[in-house]
Amino acid sequence: MRLSSQAIRVLERLKQDETKSVTEFEEEGFDQATVNRALLELEEEDLAQSEEQEEIVQEVTEKGEEILDNCSPEYKIIQQLDSGITPIQELEGNTNIGVGKAKQKGWIDIDGGKVSKTSEGEEVDVDPVKDKLENENFDDELEERGLVRSEARTTKTLKLTDEGKEIEISDIEEDFNVEAPAETPRTGKKHYYKNILQFARETWMEMGFEEMSGDYVVPSFLNFDALYTPQDHPARELHDTFFVENPENTDLSEYEDKVQNVAETHQNGWETGSKGYGGEWSKEESERNVLRTHTTAISANRLHKMDINEEELPKKLFIVGRNFRNETVDRHHLAEFYQTDGIVVGKDLNFANLKGYISEFFEKMGYSEFRLIPAYYPYTEMSVEVQVWDEEDEEWLGMGGAGMFRPEVVKPMLGFEAKVLAWGLGIPRIASIAAGLTDIRELYRNDILIINETPVWRPNWKKNRGDQ
Amino acid sequence: MANLEIDKREFTNLVGEEFEDEKLIEEASFLGAHWHNIDGNVCQVETYPNRPDLLSVEGLSRAYRGFFDIEKGRTKYDVEKGDIKVEVDESVEEVRPHIGGAVVRNLDLSKKVIEGLIQLQEKMHETMGRRRDKLAIGLHDLSTVEAPFTYKAVQPEKVEFTPLEYDKNMQLGEILDEHNKGQKYAWILEDEDKYPIIEDAEGRVLSFPPIINNQLTEVYSGTEDIFIDVTGKDEATVKKALNNLTTALAERGGSIESVTIDGEKMPDLSPETMELEPEYFRDVSGLELEESEIIERLKMMKYGAKGGKAIKVEVPCYRNDVMHQYDLIEDVIIAHRYTNIEPELPEVDQIGQQQDIQDTTQVVRDIMTEAGAMEAMTYVHDNREDLTEKINVEKENFVKVDNPLSEEYSALRNLMMPSLLKVLQKNKHRGYPQIFFEAGNVAELDDSPVGASNKKKMAFIQTGEETDFTDARRILQVLERDLGIELEIREGNQPFFQPARSGKILIEGERAGFIGQFSEEVLGNWELDKPTAGFEIDLEKLNEELKK
C-alpha cells in the first residue's frame with residue numbers, strides 16, 4: 001500500500017487514539033486542510049472513516065458584553081424609577097430601547113410623557129437579561145436582540161476501521177507527490193495594521209519629514225484653545241471628548257505668556273489681525289485634561305516647542321498616532337483610532353503646496369486620484385476634506401481633513417507669523433481595505449486566523465487584497 | 001454639521017434657473033455645502049456650522065446665485081423705518097440679557113415656506129445657538145398683538161399663557177415641568193428665580209424664551225406681517241442671527257421694517273468692511289490672480305468688492321465667520337474651485353528623521369517575529385477591573401477617564417500585559433500553543449505638568465499545555481542575544497505571577513520589567529485554562545542602554 005507522508009502521520013496518530021476530531025488534530029499542530037486531504041486517502045484505502053456532527057455554538061456579542069459590564073437598557077430605566085414617577089426626558093441611558101423594552105415587558109406605564117413603575121416593575125430586583133447572559137442561559141430574546149450570536153460549527157471526527165487498526169505502519173510505502181501541497185507552518189508574524197502604519201511613517205520620512213511625539217493625555221489648551229476652538233464649541237462637550245478624572249488638570253506655566261495670548265486671540269484677535277470670537281475665555285477650562293481627540297494637539301505643542309528663528313524655516317514634521325473620541329463603537333466607529341498629522345512651517349508656503357504634499361503622500365499610499373472639497377475646522381482656513389478615488393468601489397472616500405493653520409493659531413503658539421500647512425488623515429480605512437474587513441473593530445480583535453492569513457500590504461500590490 | 005432637507009422647486013424658483021441634479025451633486029458641493037442626494041424634489045444638503053446663512057433654502061439660493069454666476073455681488077436689503085418699540089427691563093440682565101427684533105411685512109407664505117422657516121430656526125438653535133442656550137428665536141404673527149412690547153424677567157407663577165402644542169393656560173413653571181419643550185430646555189433656566197418673557201401692550205405674552213411661544217402668535221399661511229425676536233447671552237451672536245433670519249424672509253419678497261429696541265434701531269443690515277491685499281492673497285494661496293479676478297471671485301461669494309490700494313470688501317451682514325483676511329482668501333479660492341489649483345511641491349531642504357525610540361521599537365518587532373511570536377494590536381483604553389482585580393493588583397495607579405462610554409473604556413492602561421491576556425481570551429477557539437507580543441504605549445502617572453506621560457513597552461505572552469516560565473525566559477534571551485545586551489533576572493513578586501516563578505528584569509541594576517508564569521487564580525479570572533507565561537520590558541530603558 002502506498003500513502004502520502006501526511007496520511008501516514010495522521011494514521012499514526014489515529015492508531016494511538018482510534019477516534020480523533022479535526023479540532024483535536026489542529027490542537028496538536030496539524031493544519032486543517034492537511035488532515036482533510038489525509039482523510040481522503042485513508043478513506044480510499046478503507047483505513048479510516050469520518051463522521052460529521054453539527055453543533056450550534058453560542059457566544060456573547062460586543063453588545064452583550066456591554067450589558068454584562070453594566071446592565072440592560074430596560075433595567076437601567078427601572079432603576080431610575082426607584083425615586084418615583086419621572087419625565088421621560090430625564091431618564092438616562094439608551095432610553096429608546098430601554099423604555100421600549102420596559103414597556104413591552106409590562107414593567108412601566110407611560111402617561112403624558114411621564115414614566116412610572118407597574119406592580120410588575122416593582123418586583124424586578126435582578127436584571128433578567130444580564131442574569132441570562134451571566135449564566136449562559138441563552139434564549140431567543142437574547143439572540144433576537146443581537147446580544148448573543150449563534151454559529152453552526154461542524155465537527156468532523158476521524159475513526160479507524162478494523163483494517164486500519166490491523167495494518168502496520170511499516171508495511172506502508174511512502175508515496176511522493178510533488179503536486180500535493182505541504183502544510184503552511186505557523187510562524188511569527190507582524191500585525192497587518194502595524195505594518196501599514198509603519199509604511200505611512202516611512203513614506204513621510206522618505207518625503208523628508210521629521211517625526212514628532214507626544215502624550216495621550218493633554219490639556220484642553222493644546223487640544224482646543226491653542227487650535228482656536230471656542231470654549232463653547234460642541235466638540236468640547238462630554239459626548240464628544242473623553243475628559244480625565246485623574247490627572248484632572250495641567251499646570252500650564254510652561255506656556256508662560258502664550259496662555260494669555262491665546263486668551264486674547266479668542267476674545268479680540270490679539271496681534272493676529274483677526275477680530276476674534278468675542279465673549280469670555282476661562283483659563284480653568286483650558287487646564288482640564290482630555291484624551292487627545294486629534295494628533296493636531298501634538299502639532300500645536302510642536303509649534304510651541306519649536307524654539308527656532310525665522311531663518312531656520314521651513315520645517316516639515318509628522319506624527320502617526322492614536323486618538324480618542326467618545327463615540328459609540330460599531331462596525332464603522334472606534335473610540336480609539338490612528339491618524340497621521342503633518343505640518344509644514346515656513347514663510348514661503350501656500351495652499352498649492354498643501355495640495356502638493358497631500359497628493360504626493362496619497363500617491364505613495366496607492367491612490368492616484370484625489371481631490372479637496374471645502375470643509376470646516378476652527379483651526380484651519382482653507383479647510384478642506386481630502387478625498388481619494390477608490391477604483392474598486394468607484395467612489396470618493398473621505399480620508400481626513402487639511403488646511404492652513406489660521407493666523408489665530410500660529411502667532412500665539414509659534415511666537416511670530418508664519419504659514420503652516422496642516423493635515424490630519426485617517427489610516428484605518430486603508431487597513432480595512434487591505435485586510436478585506438467589513439467591521440473596523442476587527443483591527444483590534446487579534447484573531448489569530450486573520451492576522452495569519454492577511455498578506456503583506458504594499459500600495460501597488462493590488463492583486464493580493466482580501467475580499468471586501 | 002447640519003443636515004437640511006430642501007425642495008428643489010423652491011430652490012429653482014429662488015435661484016431663478018433650473019439645474020440638473022447631477023450638476024448640483026457634482027458642482028454645488030464645491031461651495032462648501034454637500035449635496036448628498038436628490039430624490040425627486042427632495043434634496044439632502046449638509047452644511048458646516050460656520051455658515052448658518054446656508055441653513056435655509058433662501059440662504060442657499062442666495063449663495064448659489066453668486067456661485068453659479070446668476071447674480072454676483074452683495075445683495076442689498078432695504079430697511080424701512082418702523083415705529084414698533086421694545087422696552088428692555090433691567091430684570092433680564094441676569095437671566096438672558098440680549099434681545100434683537102425686526103418686522104417683515106407683506107409676506108405670502110405657503111405651508112412649505114413655513115416648514116422651511118421652522119427648519120432654519122431649529123438648525124440655528126442647534127448650531128450657533130448651542131441648543132438654545134446662546135440663542136433662541138421666535139417668529140410671531142404681528143396682527144395678533146399690540147406694540148409696544150416689553151422684554152422682562154418675571155416670577156414663574158406670576159404669568160400664564162397657552163403655549164404652542166397645548167390647549168390650556170399654563171404658568172411658566174408648569175411649562176418647564178410639563179411641556180415637552182419645557183422639559184427639554186429647562187436646564188438653561190436651571191439656576192434662575194425669574195424667567196424671561198416678551199409681552200405686548202396689553203400684557204399678553206408673545207414668547208417665553210428660550211422655551212416656547214404663545215399659541216396666539218403662531219405663524220400660519222395667512223400671516224402677512226411677522227415680528228422676529230432673537231434673545232440670547234451674546235450680543236454679537238444675537239444680532240447676526242437676527243440678520244440671517246430677516247434677510248432670509250426678505251428673500252421671500254417681504255419688506256423689512258426696523259424695530260427700536262431700548263433706543264437702538266434693528267436690524268442693522270449694513271456690511272462690515274474689510275481689506276484684502278492682492279499680494280497677500282497671492283502669497284497665501286499660491287494662485288497668480290489679477291486684482292480684477294480676485295474681485296470677480298469675491299462677488300461670486302456674494303461679497304461687495306472694489307479695487308484700490310487694497311481691495312475694499314463689504315462682508316454681508318449675515319456672515320459671522322469672517323474674522324481675518326484668511327477667511328476672504330478661502331472664499332476666493334472656493335469660487336476659483338479647489339480643483340483648479342495645481343499641486344506644487346516647494347523646495348524644502350530637509351532629511352527625514354524618526355523618533356529615536358522608534359528605530360529600536362522596529363528592531364524589537366523584527367526580533368520578536370523572528371522568534372516565532374505573532375504581533376497583536378490592542379486598545380490603550382482598558383477596563384479598570386482588568387488593571388486591578390483581574391490581575392490581583394490593589395492600587396489604582398493609572399489614568400482614569402471621567403466620562404467613559406462603558407467600563408471597557410474607563411482607564412488608560414499602565415501595563416501591556418492585561419491587553420495580551422485579553423487577546424488570549426478572544427482566541428480560545430484557535431489552536432495552541434499561542435504566542436503573542438505587542439510593542440505599544442501605556443500611560444503612567446507622574447509629576448509632569450500634565451500629570452501623566454506615555455511610555456513605550458513591549459510585552460510577550462505564551463500559552464499552551466506545555467508552556468511554562470522557561471518559554472518566556474527563552475524568548476527574552478533571544479532579545480538579549482540579538483540586541484547584544486545583558487538583561488539580569490532577579491526574583492520578583494508580581495501579584496499576577498506564581499510566587500516561585502516571578503522575576504524582575506534589571507538593566508545595569510535598574511528595574512526595566514518583569515517576567516513570570518501566571519498564577520492559576522489570575523488565569524481563572526481571564527477564563528484561561530492552559531499554563532501561561534510572559535514578560536514585559538520598558539523599551540525606553542532598553543533604548544538608553546543600547547545607546548550607551
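In chain B of this predicted model, the C-alpha centres of domain 2 and domain 4 lie 61 Å apart, the domain bounds being those of an automatic or database domain assignment. That assignment divides chain B into domain 1 (2-67), domain 2 (79-265), domain 3 (272-338) and domain 4 (356-547). For chain A the assignment gives domain 1, made of the segments 2-54 and 153-175, together with domain 2 (62-148) and domain 3 (193-453); between the centres of domain 1 of chain A and domain 3 of chain A, taken over C-alpha atoms, the separation is 57 Å.

Because the model is predicted, local features need pLDDT of at least 70 and side-chain atom pairs count only at pLDDT 80 or more, whereas totals for chains, interfaces and linings use all residues. Residues are numbered from 1 along each chain as its sequence is written, and chains are lettered from A and ligands numbered from 1 in the order in which they are written.

Where the two chains meet, 90 residues of chain A are in contact with 83 residues of chain B, a contact being counted if the C-beta atoms of two residues, placed from the backbone, lie within 7 Å. On the side of chain A that touches chain B, helix α16 (residues 351-364) gives the most, with eight residues; helices (H or I, at least four residues) and strands (E, at least two) are DSSP runs numbered from the N terminus. This side of chain A comprises 36 nonpolar, 23 polar and 31 charged residues, where Ala, Val, Leu, Ile, Met, Phe, Trp, Tyr, Cys and Pro count as nonpolar, Asp, Glu, Lys and Arg as charged, and the others, Gly among them, as polar.

Strand pairing, which requires that DSSP finds at least two bridges between two strands, also links the chains: strand β11 (residues 244-246) of chain A runs antiparallel to strand β21 (residues 400-401) of chain B and is joined to that strand by two bridges, with A:N246 opposite B:K400. Within chain A, seven strands form an open sheet of mixed pairing in the order β9-β13-β14-β18-β17-β16-β15. Strands β9 (210-211) and β15 (370-374) of chain A stand at the edges with a single partner strand each, so one side of each is left without a neighbour in the sheet. Strands β14 (residues 336-346) and β18 (residues 419-426) of chain A run antiparallel and are joined by eight bridges, and A:V344 stands opposite A:L421 in β18.
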